[in-house]
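Hi there,

Here is the structure I promised to pass on to you. Have a look at it first, and then read on for what turned up in it.

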Amino acid sequence: MTTDTPTDAFEEHRPVLMGVAYRMLGRVADAEDVVQDAWLRWSAADRAEVREPRAYLVRVTTRLAIDRLRQVKARGEAYVGPWLPEPYATDFGDTVPDTAERAVLADSVSLAVLVVLESLSPLERAVFVLREAFGYPYADIAAMLDRGEPAVRQLAGRARKHVDERRPRYEVDPAQRRDLTERFLAAAAEGDLAGLLEMLAPDVRLIGDSGGKSKAPLRILESADNVGRFLVAVAGKGIPEMSFRFLELNGGPAVLILSGDTPDSVFQVDVSAGRIRSVYIVRNPDKLRSLASA
């Protein structure tokens, strides 16, 4: 693609930059701020000295994201109840035609993986994202981070081991997830406890994120019976002017629940062996703003 202006070049690579920043931070607004800061750096740069705009922009974005992540960790912000990443619309469309590549990108942005990435150091997270999600060679990552290649390989190995040990293994068949999501939503809305129990794995977990700003469990619920009864109780209370729509969020099908025109919550499930193993509910209104026009 021929780019005639700095804006053209930047916009060509914006999706990749946003993908890197979001995987680093797990927050849409923070990722957008980082990408905007990268644009300011790019607009002020001597582009005659930039041989590869994409590599330059990814390097700048990654470093800005590392700085932002360090600031967040240094503040040690207390969060009320379980924390989940901010839901992120991911429609790869025709930009990622390869099925295997789509699966890797979807997995790297899934809620389950992003929760595990929160426990990595900023440098480990950067190396993991650049290597595992975007396939950058170790030498390129080393140049981006001003680290030696052996050190980057060590960071990558440590991060991969940490993630592999902690992330649950789920099936990524979107058709099966969509089918179970639809049936799950119908059973929950009807208060059908028996129907829910048929779909829920015995050791299912429900993670609700409200940030203390709306109603959601302040601890992780475990077991099919506990999760099923909670969902039936919630359905019995109802939501004013409720409607819902299906979206692709974090690489998989999800349900956006609306109260009138206002996003109320996001539901997403993870599936294994034909049963729902995890239920994610995001109700923190701050994390739903970006979906208001979805």
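This is a predicted model: local features need pLDDT of at least 70, side-chain atom pairs count only at pLDDT 80 or more; totals for chains, interfaces and linings use all residues.

What does the side chain of D203 meet? It forms a salt bridge with the side chain of R277, at 2.9 Å from N to O. D203 sits in strand β1 (residues 200-209) and R277 in strand β6 (residues 275-282), so this pair ties together parts that are 74 residues apart in sequence. R277 is partly exposed as well, with a relative accessible area of 27%.

The side chain of D209 meets that of K287 in a salt bridge, with 2.6 Å from N to O.

D30 in helix α2 (residues 28-44) and R68 in helix α3 (residues 53-75) are 38 residues apart, and the pair links distant parts of the chain. Their side chains meet in a salt bridge of 3.3 Å, N to O. D30 has a relative accessible area of 17%, which means that it is buried, as the limit is 20%. R68 is buried too, because its relative accessibility is 18%.

Salt bridges can also join up into a network, and R27, E118 and R125 are linked in this way. How many salt bridges are there in the whole structure? A search finds 23.

Finally, a pair of helices to look at side by side. The axes of helix α6 (residues 122-133) and helix α7 (residues 138-145) come within 10 Å and cross at roughly 140 degrees. That angle makes α6 oblique to α7. The crossing of α6 past α7 is right-handed. On the α6 side, the contact is made by L123, V127, L130 and R131, while α7 brings Y138, I141, M144 and L145. Sorted by class, this contact of α6 with α7 has seven nonpolar residues, one charged residue and no polar ones.

Enjoy exploring, and write back with any questions.

Best wishes

Notes:
Residues are numbered from 1 along each chain as its sequence is written. Side-chain values use heavy atoms; hydrogens and water are left out. A salt bridge is a side-chain nitrogen of Lys or Arg within 4 Å of a carboxyl oxygen of Asp or Glu. Helices (H or I, at least four residues) and strands (E, at least two) are DSSP runs, numbered from the N terminus. Buried means under 20% relative accessible area, exposed over 50%, partly exposed in between (1.4 Å probe, protein chains only). Axes are lines fitted to C-alpha atoms, for helices over the stretch in contact, and angles run from 0 to 180 degrees between N-to-C directions. Angles under 35 degrees count as roughly parallel, over 145 as roughly antiparallel, 65 to 115 as roughly perpendicular and the rest as oblique. A crossing is left-handed if the near helix is turned anticlockwise from the far one by less than a right angle, and right-handed if clockwise. Contact means heavy atoms within 4.5 Å. Ala, Val, Leu, Ile, Met, Phe, Trp, Tyr, Cys and Pro count as nonpolar, Asp, Glu, Lys and Arg as charged, and the others, Gly among them, as polar.
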